[in-house]
Every structure is written in C-alpha cells, then in structure tokens.
Amino acid sequence: MAVEISPAEVRDMILNGDDFILIDIRNNKSYVKGHLRGAICAPFGATNPEMYEQRFPKDKPMVVYCYRGGASAVVADKLTELGYQDVRSMKGGHWSWRFIKGEKPTVKGNLPA
C-alpha cells in the first residue's frame with residue numbers, strides 16, 4: 001500500500017529545497033494548466049514503466065501526484081515494486097493543493113523542451 005504524504009508536507013519540502021524528485025503523472029494538458037514548482041511531467045501508463053527506470057534513480061526520494069490521489073497511489077505502489085526505495089503519493093492529488101494554507105508554489109506554462 002502506498003505511503004501518502006500531505007500536500008502541506010510536499011509544499012514544505014519544495015520551499016525548504018529538499019532533494020527529491022517530484023513527478024506529476026497527469027497528462028500534458030493538465031500539467032501546462034498548472035503544476036507544483038519543480039514537478040516533472042511524466043504521465044505513467046502500463047506501457048512505460050521502463051521510461052521511469054531509465055530516467056529516475058531508484059535511491060532518491062520521490063513524490064508522485066495526480067489529479068485526486070488515486071492514480072498516484074497506484075503508481076507509487078508500482079514504482080515500489082520496480083525497486084524504488086522511497087516513493088510517496090501526495091494525498092488528495094493536485095485537487096487538494098488548493099486547500100492548504102500559506103504559500104502554494106505553483107507554476108503554469110509550457111512543457112520543458
């Protein structure tokens with residue numbers, strides 16, 4: 001079962017400059033509309049777990065989020081099965097981000113080149 005992390009904890013990690021990988025598993029259109037600062041757009045599907053293995057180190061802490069939290073929990077479990085050592089799913093996903101108090105480091109704009 002996926003380990004969950006609250007949106008406020010993720011916000012604090014971002015603001016503190018913690019060294020972790022933040023992955024937005026939503027589609028490209030949703031990412032462009034708004035994503036957490038520092039997030040990498042990497043939609044996860046049944047056909048691409050190898051892309052994750054090629055792109056992200058397994059020993060670095062990782063937080064994944066989706067729209068409401070369900071899909072990211074499934075992905076966190078899958079990544080753990082693939083050997084990732086510290087994967088957490090943001091509880092409530094991007095939808096819950098709006099409800100945290102204080103600064104919300106969010107970015108809108110194009111996908112990175």
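What share of the contacts in the chain with a separation of 6 or more comes from residues 24 or more positions apart? Such residues account for 66% of these contacts, where contact means heavy atoms within 4.5 Å. The model is predicted, so local features need pLDDT of at least 70 and side-chain atom pairs count only at pLDDT 80 or more, whereas totals for chains, interfaces and linings use all residues. Residues are numbered from 1 along each chain as its sequence is written, and side-chain values use heavy atoms, with hydrogens and water left out.

**Figure 1. The whole chain, with five helices and seven strands.** Helices (H or I, at least four residues) and strands (E, at least two) are DSSP runs numbered from the N terminus, and from that end the elements follow the order β-α-β-α-β-β-α-β-α-β-α-β. The C-alpha trace spans about 35 × 30 × 25 Å along its principal axes. For 113 residues a compact globule would have a radius of gyration near 13 Å, and the 13 Å of this chain agrees with that; the radius is taken over C-alpha atoms, and the globule rule is 2.2 Å times the number of residues to the power 0.38. Of the 113 residues, 42% are buried, a term that stands for under 20% relative accessible area, with exposed set at over 50% and partly exposed in between (1.4 Å probe, protein chains only).

**Figure 2. The open parallel sheet, with its five strands in the order β1-β6-β5-β2-β4.** Two strands pair if DSSP finds at least two bridges between them. β1 (3-5) and β4 (40-41) stand at the edges with a single partner strand each, so one side of each has no neighbour in the sheet. β1 pairs with β6 (residues 87-90) in the parallel sense over three bridges, and Ile 5 has Met 90 in β6 as its bridge partner. Helix α1 (residues 7-16) packs on the sheet, where it touches β1, β2, β5 and β6, and its direction makes about 70° with that of β1. Helix α4 also packs on the sheet, touching β5 and β6, with a direction at about 175° to that of β6; for these angles, axes are lines fitted to C-alpha atoms, for helices over the stretch in contact, and values run from 0 to 180 degrees between N-to-C directions.

**Figure 3. Strands β2 and β5, which pair in the parallel sense over four bridges.** In β2, Ile 21 and Ile 23 point one way and Leu 22 and Asp 24 the other, and all are buried. In β5, Met 62 and Val 64 point one way and Val 63 and Tyr 65 the other, and these too are all buried. Ile 21 has Met 62 as its bridge partner in β5, while Ile 23 stands opposite Val 64. On the β4 side, two bridges join β2 to its parallel neighbour, and Ile 23 is partnered there by Ile 40. Three bridges join β5 to β6, which also run parallel, and Met 62 stands opposite Val 87 in β6.

**Figure 4. The largest nonpolar core, a group of 16 residues.** A nonpolar core is a set of buried Ala, Val, Leu, Ile, Met, Phe, Trp, Tyr and Cys residues joined through side-chain atoms within 4.5 Å. Those with the most contacts inside this core are Ile 23, Tyr 52, Phe 56, Met 62 and Leu 79. The elements giving two or more residues to it are β2, β5 (62-65) and α4 (70-81), and α4 gives the most, with four residues. Another core, of 15 residues, lies apart from it and includes Phe 20, Leu 36, Cys 41 and Ile 100.

**Figure 5. Asp 24, a buried residue with a relative accessible area of 0%.** Asp 24 belongs to strand β2 (residues 21-24). Its side chain is joined to that of Tyr 65 by a polar contact of 3.0 Å, meaning a pair of N or O atoms within 3.5 Å; within protein, one must be able to donate a hydrogen and the other to accept it, and residues adjacent in sequence count only if both atoms are side-chain atoms. Leaving aside neighbours within four places in sequence, Asp 24 is in contact with residues including Tyr 31, His 35, Ile 40 and Ala 42.

**Figure 6. Ala 42, in the loop between β4 and α3 (49-55).** Ala 42 is buried, with a relative accessible area of 1%. Beyond its neighbours within four places in sequence, its contacts include Ile 23, Asp 24, Tyr 52 and Arg 55. Ala 42 and Arg 55 are 13 residues apart along the chain, and their C-alpha atoms are separated by 9.9 Å.
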